[in-house]
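Would you like to learn to read a protein model by working through it piece by piece?

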Amino acid sequence: MTTTAATVAETLVTPDAKPTRSPARRRLGRTLIFVAMAIMAVIMLYPFAVMILISFKTNAQYLIGSGTSTQTWQQINSTLPIWQELWNSTVVCSLSILIILVIGVMAGFSFAKLQFRGGNVVFLAIVSAMMVPLQAILIPEFVNIAKTGLTNNYLGAVVVYAALGTPFSIFLFTTYFRRIPDELIEAGIVDGLGYWGVLWRLAMPMALPAIATVTVLQFIQIWDDLLVGLLFLQNPSERTITVGLAALAAGHTTSIPLLMAGSLVSALPAMIVYLVFQRFLVRGLTMGIDR
Amino acid sequence: MAEIVFDQVAKVYPGGNTAVENLSLHVADGEFMVLVGPSGCGKTTALRMIAGLEEVTDGTISIGGQVVNNVLPKDRDIAMVFQNYALYPQMTVGQNMGFALKIRNVPKDEIKQRVNEAAKILRLTEYLERRPKALSGGQRQRVAMGRAIVREPQAFFMDEPLSNLDAQLRVEMRTEISRIQRLLGVATIYVTHDQTEAMTMGDRVAVMRGGVLQQVATPEDLYDHPANSFVAGFIGSPPMNLLSATLVETQGTLRARFGDQSVEVPAKYRDSHRLNENLTRPLLLGVRPEDLVVATSDAPGHFSATVTLREALGSEILAHLTFGGEDVIVTDETETSSPGGHSARVVARLGARAHVAVGERLDLTLNPDNLHFFDAESGETLRLSK
């Protein structure tokens with residue numbers, strides 16, 4: 001009896017080889033995953049669909065449950081100072097994120113690449129600040145900010161948002177910069193850069209995914225936040241869109257279609273920012289996982 | 001272009017760990033100096049000190065006659081090639097190479113010209129627009145070299161630049177780096193743990209161990225006249241066989257006894273080595289693998305050994321042998337913490353066509369012209385200086 005090489009190879013390979021699934025089972029598996037994801041998508045998109053549909057009704061149409069109209073959209077700016085509030089949100093968001101990024105990048109680089117006494121303890125203290133819930137520090141923070149008189153302009157909210165977002169930002173940037181080999185920093189130093197130069201000209205361009213991650217996450221958080229805006233932006237002309245919508249909802253005669261239209265407008269910037277930075281966001285959030 | 005001088009340099013880390021001790025070394029202008037030694041011997045620390053990436057605890061380092069202990073790395077006019085190349089991933093090859101010049105505000109045209117010239121030397125012209133991640137290991141290594149070259153610095157420092165390459169590419173790049181260094185004539189300090197790299201590339205080689213410089217010499221001198229048993233065991237592949245031996249004098253003839261064997265020591269060694277004062281004292285007899293010669297059973301001064309392993313390398317055969325007496329052989333000197341550690345193995349380098357088989361008993365003689373004697377305790381050579 002002769003044994004062919006193929007038979008020998010088959011005998012050797014088969015015990016360790018993974019059992020292959022039949023095409024029918026594979027198709028079934030894919031279908032189930034597709035259905036599950038479709039259900040999740042419907043659940044996620046349902047509120048948006050409802051918002052869009054309701055926003056195209058008048059209040060009367062909404063109450064009787066039939067009919068469509070663009071009247072709400074035509075009246076939105078006269079009823080709600082939406083452009084002013086969008087501008088306020090943009091200013092507060094931008095300033096807060098700028099502070100969060102600047103502090104996060106510099107502190108993250110220092111913790112990751114510069115050796116200094118007590119560095120680890122300070123880093124741990126900052127990271128542990130992420131665990132403190134906002135509600136626990138809100139009142140003392142309000143007292144402090146009120147004493148400085150910053151509740152009457154953007155700065156009060158900006159300072160609070162920056163303080164709340166900075167620990168996460170520092171944590172993320174530290175993790176990110178730790179992945180950059182020390183030799184790269186040293187190469188920059190030998191090439192003629194100081195630490196500032198290394199940070200701005202070498203480390204920053206490499207940290208774009210982390211910058212995008214912090215920007216998106218903080219933007220969504222700050223843009224959607226109500227509590228801090230409500231407390232620290234006392235002047236109605238400086239209200240953010242979220243605070244404005246909340247004020248509208250709390251009014252005596254709440255127009256639900258108007259509220260939905262306002263909410264849609266409010267959600268759009270966050271969605272745009274997310275979509276623009278989505279590619280970096282995944283890289284930023286998964287950093288440290290790959291080797 | 002400049003000479004580099006280490007004058008009694010020491011590096012002690014916080015906590016008292018001494019990385020480099022009393023290092024004095026002179027690298028001439030245009031010289032290719034290789035620092036070699038096992039891991040943790042202080043060679044990289046020495047290089048980092050001269051590059052300005054580590055502070056000097058004691059002593060002075062000068063480049064081109066200027067003491068640079070307190071000079072910032074960027075002001076030392078040096079270029080460094082790192083082990084993992086340290087290329088800037090967001091820049092193209094050309095930008096990587098020209099970055100240091102850009103920082104120094106060199107005009108764009110001049111940067112372009114110098115980058116192009118360096119790329120030509122390194123055969124990188126067609127890759128100038130690529131990012132580092134699109135290059136092979138060898139190409140990245142050449143870019144790292146290019147980044148150093150365009151600077152036209154006073155000195156090059158290279159920290160194990162070939163260790164991430166595969167064996168074949170390493171051989172290729174070895175000659176490439178030597179070629180470029182000779183072409184540019186810039187003083188170079190090259191750190192490696194690979195003694196083959198050290199021997200093939202360096203004009204001179206400095207062997208370090210435990211933060212202490214053991215010997216500085218040309219590759220030939222290092223191989224032929226090691227200053228101590230550590231250098232003898234570290235340089236050469238396979239390393240020198242070190243035999244625990246005793247010298248005895250019978251009827252005016254000097255013999256070295258090791259285990260149950262003994263060989264005659266030619267009289268000339270009495271003049272060139274401190275042997276008379278070491279009679280009857282234990283010492284180390286060093287024999288290079290190629291100086292163990294297969295002999296006939298009636299050859300004078302022959303002794304017998306059993307082949308325990310045969311390694312056919314194509315151009316030669318390495319025969320691992322054991323003698324009678326288990327505590328005879330001292331090899332693997334680099335592995336033992338102190339000279340005098342024992343193992344029962346010796347290696348002979350035989351011709352490619354030599355007929356040896358495992359288990360066979362061979363008659364051998366030692367090449368009388370190339371014997372080495374070391375103090376058993378200190379490991380220092382007993383050879384009198386020229």
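The exercises below go from a whole chain to single residues, and the model they use is a predicted one.

**Exercise 1. Describe the overall make-up of chain B: how many helices and strands does chain B have, and what does the C-alpha trace span?**

Step 1: Start with the secondary structure. Chain B has nine helices and 21 strands.

Step 2: Turn to the dimensions. Along its principal axes, the C-alpha trace of chain B spans about 80 × 45 × 35 Å.

Step 3: Ask how much is enclosed. Chain B has 386 residues, of which 43% count as buried.

Step 4: Look at the contacts. Taking those in chain B between residues at least 6 apart in sequence, 69% join residues at least 24 apart.

**Exercise 2. Find out where strand β7 of chain B sits: which strands pair with β7(B), and in what sense?**

Step 1: Locate the strand and check burial. Strand β7 of chain B covers residues 155–159, and five of the five are buried, so this strand is largely enclosed by the rest of the structure.

Step 2: Sort the side chains by direction. Ala155(B), Phe157(B) and Asp159(B) point one way from β7(B), while Phe156(B) and Met158(B) point the other way.

Step 3: Find one partner. Strand β6 of chain B (residues 78–81) pairs with β7(B) in the parallel sense over four bridges. Here Ala155(B) is the bridge partner of Ile78(B).

Step 4: Find another partner. Strand β8 of chain B (residues 187–192) also pairs with β7(B) in the parallel sense, over five bridges. Here Val191(B) is the bridge partner of Asp159(B).

Step 5: Follow the chain between the strands. β7(B), helix α5 of chain B (residues 167–184) and β8(B) make a right-handed β-α-β unit.

**Exercise 3. Explore the largest nonpolar core: which residues touch the most other members?**

Step 1: Name the residues. The largest nonpolar core has 158 residues, and Val34(B), Leu35(B), Phe157(B) and Ala206(B) touch the most other members.

Step 2: Ask which element gives the most. That is helix α8 of chain A (residues 154–178), with 13 residues.

Step 3: Look around one member. Leaving out residues up to four places away in sequence, Val34(B) touches Tyr190(B), Thr192(B), Ala198(B), Met201(B), Gly202(B), Val205(B) and Ala206(B).

Step 4: Search elsewhere. Another core, of nine residues, lies apart from the largest one; among its residues are Leu258(A), Leu259(A), Met260(A) and Ala261(A).

**Exercise 4. Describe the contact between chain A and chain B: how many residues does each chain give?**

Step 1: Count both sides. Chain A gives 13 residues and chain B gives 18 residues.

Step 2: Identify the elements on the side of chain A. Those that give two or more residues are α9 (182–191) and α10 (195–206) of chain A.

Step 3: Find the largest share. Seven residues of this side come from α9(A).

Step 4: Sort by class. The side of chain A that touches chain B has nine nonpolar, one polar and three charged residues.

**Exercise 5. Compare the domains of chain A: where are their bounds, and how far apart are their centres?**

Step 1: Read the assignment. For chain A it gives domain 1 (20–72) and domain 2 (80–285).

Step 2: Check the distance. The C-alpha centres of domain 1 and domain 2 of chain A lie 32 Å apart.

Step 3: Look at the contact. Domain 1 of chain A gives nine residues and domain 2 of chain A gives eight residues.

Step 4: Find the elements of domain 1 involved. α2 (23–55) and α3 (59–64) of chain A each give two or more residues to the side that touches domain 2, and the largest share, four residues, comes from α2(A).

**Exercise 6. Examine the backbone of Gln8(B) and its surroundings: is Gln8(B) buried or exposed?**

Step 1: Gln8(B) lies in strand β1 of chain B (residues 4–12).

Step 2: Judge exposure. Gln8(B) has 11 C-beta neighbours inside 10 Å, so Gln8(B) counts as exposed.

Step 3: Check the backbone angle. Most residues other than glycine have a negative phi. Gln8(B) has a positive phi of about 50° although it is not a glycine.

Step 4: Visit a contact. Gly59(B), in strand β4 of chain B (residues 58–63), is in contact with Asp7(B), Gln8(B), Val9(B) and Ala10(B), leaving aside neighbours within four places in sequence.

Methods. Residues are numbered from 1 along each chain as its sequence is written. Chains are lettered from A and ligands numbered from 1 in the order in which they are written. This is a predicted model: local features need pLDDT of at least 70, side-chain atom pairs count only at pLDDT 80 or more; totals for chains, interfaces and linings use all residues. A nonpolar core is a set of buried Ala, Val, Leu, Ile, Met, Phe, Trp, Tyr and Cys residues joined through C-beta atoms within 7 Å. A residue is buried if 20 or more other C-beta atoms lie within 10 Å of its own, exposed if 12 or fewer, and partly exposed in between; C-beta atoms are placed from the backbone. Two residues are in contact if their C-beta atoms, placed from the backbone, lie within 7 Å. Domain bounds come from an automatic or database domain assignment. Ala, Val, Leu, Ile, Met, Phe, Trp, Tyr, Cys and Pro count as nonpolar, Asp, Glu, Lys and Arg as charged, and the others, Gly among them, as polar. Two strands pair if DSSP finds at least two bridges between them. A crossover is right-handed if, with the strands pointing away from the viewer, the path from the first strand over the helix to the second runs clockwise.
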